[in-house]
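Biologist: I want to learn how to read a protein interface. Shall we start with the terms and then go through this case?

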Amino acid sequence: MNLLFNLGMAAYFAALVCAVVCLISKRKLFDLLANLLILAGLLTQTVYLGLRWQQAGRAPFSNMFESLVLFAWTVAVVYLVLRIRIRIPWLAAASATLSALAMAHASTFESAIQPLMPALQSNWLSFHVMTCFLGYGGFAISALVAVGFLVADRKGSNVLPETRETLETILSQTISFGFLFLTLGILTGAVWANSAWGTYWSWDPKETWSLITWFVYAAFLHCRFMRGWRGRRAAWISIIGFLSVLFTYYGVNFLLTGLHSYAS
Amino acid sequence: MPQVMSDQIQLPSPTLPARGGSGPVEFVLSRLASLKFALTVVALIALACVVGTLIPQGPQQVAAYLERHPGATSGMNLLSLLGLTRVFYTWWFVGLLFVFAASLTVCTARRFSMIRRSAGVQRARVIGSFITHVGLLLVLAGGAVGVIWGQKGIIQLHEGESASQAEGQEGSMLLPFTVRLAKFALEYHENPAAPVGNDKLLVQWSAKKFRAEFPIDLKVEHPVIPPDAPAGAEPPFKVSVLRYVSDFSLDGSSGEVKSRSDKPNNPAVQVSVTGGGRTNTQWVFARFPDFSDHGGMADATDSMPLQFRFESAHAVVAAAGRQWSIKAFKSTLEVLEQGVVVDSRTIMVNSPYSRRGYTFYQVNYDPNDLTWSALQVVKDPGVPVVYGGFILIMVGLTVVFCVSPWLDAQRRTKGGIS
């Protein structure tokens with residue numbers, strides 16, 4: 001099990017190195033290698049998660065270690081799905097960095113399989129956490145793209161307008177993807193909470209921050225598709241949205257207490 | 001990844017086209033339908049949410065905070081005075097939600113009128129957007145129904161006790177039947193009354209430099225063969241565990257060993273050693289490794305060169321003062337109508353029981369009194385409305401983010417647009 005975890009992390013780090021070499025040397029071979037390594041990391045992680053699921057007898061999404069592994073996995077999934085449609089070498093480097101860092105950070109937490117507390121013993125666990133993290137994965141990639149856009153859009157940049165347009169399109173698409181799954185995650189969480197505690201909404205910090213994040217991205221989508229907001233403004237909203245995601249996922253676990261305090 | 005909205009086509013704004021009239025009603029409606037206004041309200045709600053998560057909310061959180069930071073009393077009093085320690089229940093926050101609902105209603109109504117004016121792919125998007133907004137309105141409406149007509153209360157019972165009302169924040173909540181707590185049970189992931197899988201008995205024979213670990217499998221004989229024994233020789237000793245008790249106690253009068261409780265306060269194993277035509281038994285204590293209680297052939301003790309240690313996971317947890325990992329707490333309820341038991345059900349977290357619109361949730365127990373249980377009773381007629389809203393939201397978003405782009409792609413393929 002630990003070997004698979006380490007192999008997955010190593011694959012992401014190796015992908016990062018290849019992607020950086022590709023950016024410097026401009027050789028497509030390294031881009032191909034980087035993407036194959038991300039795919040290898042994803043497959044290794046999938047086997048790791050599957051084995052852990054089998055061994056624990058429940059979805060391996062119940063604590064900080066497991067959720068960080070899942071986060072690395074969803075970032076890789078969203079990136080690779082995007083890669084099928086479009087090739088952006090620096091995005092491979094950025095995604096591999098994010099996945100590798102998430103795995104490295106996961107390794108600082110207790111990895112032993114722990115029994116589940118009563119509130120988490122529900123079939124909703126896998127559905128709720130998986131949908132939320134697919135949303136987080138989409139938002140993470142959108143934030144990386146937003147940063148890339150801001151760099152490409154700086155004064156004196158010689159990036160082609162078509163490239164900027166492509167980045168804007170990817171930004172909207174990844175946010176739409178993330179929004180769909182975040183919404184599903186919030187709603188499944190509400191149904192689960194009602195089944196566990198008899199209340200579908202209790203203004204718990206995690207719930208409330210999920211709602212704040214949802215508001216930020218809802219605002220983005222409205223501004224983007226109804227007011228035609230593009231460019232730097234849209235990119236900044238995306239970055240603010242992802243900061244909100246990070247606080248929802250990470251900050252709430254460590255700084256605030258509530259119904260989700262077991263997540264830390 | 002679902003296909004998503006094309007960048008080339010924007011959704012028309014619900015504020016357009018301009019409607020006739022310039023009276024105050026039209027002015028208010030046009031304000032409520034304005035995207036800028038709606039986003040401002042959303043931003044204010046989000047800001048209030050941030051405040052509501054950063055400042056302790058409710059008397060319990062405030063008290064806990066003041067216990068940790070006694071010097072913050074005056075500051076907390078000021079925040080309480082401003083209503084910032086109960087943000088989500090203040091008149092201004094509820095007011096913001098009302099304004100948001102009003103804005104959403106007007107936008108949704110105008111969006112409905114846009115369905116007729118749009119065509120093709122754009123129509124699909126408008127329909128999806130309309131469904132999503134109706135879903136949001138249903139969620140808000142369901143929430144309001146729950147607040148106005150919903151009831152919530154707590155029932156606290158000992159085994160054998162019954163109740164036909166629950167105590168809520170707004171007084172008693174009468175039930176149309178009686179519930180009796182037939183039994184309460186607390187289950188742990190591990191059975192504290194039994195050894196866990198990785199518990200072991202360490203056996204040492206110092207003179208022979210022999211050391212071995214045996215699992216705690218009762219009445220299984222393990223041979224002790226020192227390293228210098230010739231191959232195929234009979235083992236000089238055989239060790240087996242005869243008995244495990246989780247909370248060792250010795251009856252003073254009868255001398256009988258018993259377990260004082262199911263809790264692993266003092267886990268011990270009775271070890272039997274057979275060798276040299278004799279058998280010796282002794283108790284080995286996980287938490288007191290230097291103390292052994294010998295039984296059986298007491299006179300043979302000195303002639304037995306083996307030393308034992310019992311490693312118990314339960315003892316480690318007990319020594320660290322940690323709590324056992326709880327698997328479930330369950331209340332078996334009997335429902336009585338006119339004195340007759342009409343139903344019986346065991347409830348636990350994630351597995352509530354519903355009857356005649358009232359749902360019972362397992363919410364609490366007392367680790368020092370395992371005959372007591374606390375149940376939450378909820379009657380919320382708004383839940384089906386909220387769930388209906390959830391379904392509409394997901395259907396609407398699926399239409400907007402998946403169906404509509406798919407239609408768009410089909411249209412482009414047919415039209416030869418690359």
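Modeller: Start with the polar contact: a pair of N or O atoms within 3.5 Å, where one must be able to donate a hydrogen and the other to accept it. This is a predicted model. Between chain B and chain A, nine residue pairs are in polar contact, both at pLDDT 80 or more.

Biologist: Which elements of chain B give two or more residues to the side that touches chain A?

Modeller: They are helices H2 (35-54), H5 (91-117), H6 (120-149) and H8 (383-415), with strands E14 (326-337) and E18 (369-379). H8(B) gives the most, with ten residues.

Biologist: How do the residues on that side of chain B divide?

Modeller: Into 35 nonpolar, 15 polar and five charged.

Biologist: How is the size of an interface often given?

Modeller: As the accessible area lost when the parts come together. Here about 4,600 Å² is buried between chain B and chain A. Carbon and sulfur atoms give 70% of that area. In contacts, 55 residues of chain B meet 55 residues of chain A.

Biologist: Which residues make the nonpolar surface patch of about 530 Å²?

Modeller: Leu29(A), Leu32(A), Leu33(A), Leu36(A), Leu39(A) and Leu43(A). Leu43(A) lies in helix H2 (residues 28-56) of chain A.

Key: Residues are numbered from 1 along each chain as its sequence is written. Chains are lettered from A and ligands numbered from 1 in the order in which they are written. This is a predicted model: local features need pLDDT of at least 70, side-chain atom pairs count only at pLDDT 80 or more; totals for chains, interfaces and linings use all residues. Side-chain values use heavy atoms; hydrogens and water are left out. Contact means heavy atoms within 4.5 Å. Buried area is the accessible area (1.4 Å probe) that two parts lose on being put together, summed over both. A polar contact is a pair of N or O atoms within 3.5 Å; within protein, one must be able to donate a hydrogen and the other to accept it, and residues adjacent in sequence count only if both atoms are side-chain atoms. Helices (H or I, at least four residues) and strands (E, at least two) are DSSP runs, numbered from the N terminus. Ala, Val, Leu, Ile, Met, Phe, Trp, Tyr, Cys and Pro count as nonpolar, Asp, Glu, Lys and Arg as charged, and the others, Gly among them, as polar. Patches are made of residues with over 30% relative accessible area and no salt bridge: like charges are joined within 9 Å, nonpolar side chains (Val, Leu, Ile, Met, Phe, Trp, Tyr) within 5 Å. Accessible areas come from the Shrake-Rupley method with a 1.4 Å probe; for residues, only the protein chains shown count as cover. A salt bridge is a side-chain nitrogen of Lys or Arg within 4 Å of a carboxyl oxygen of Asp or Glu.
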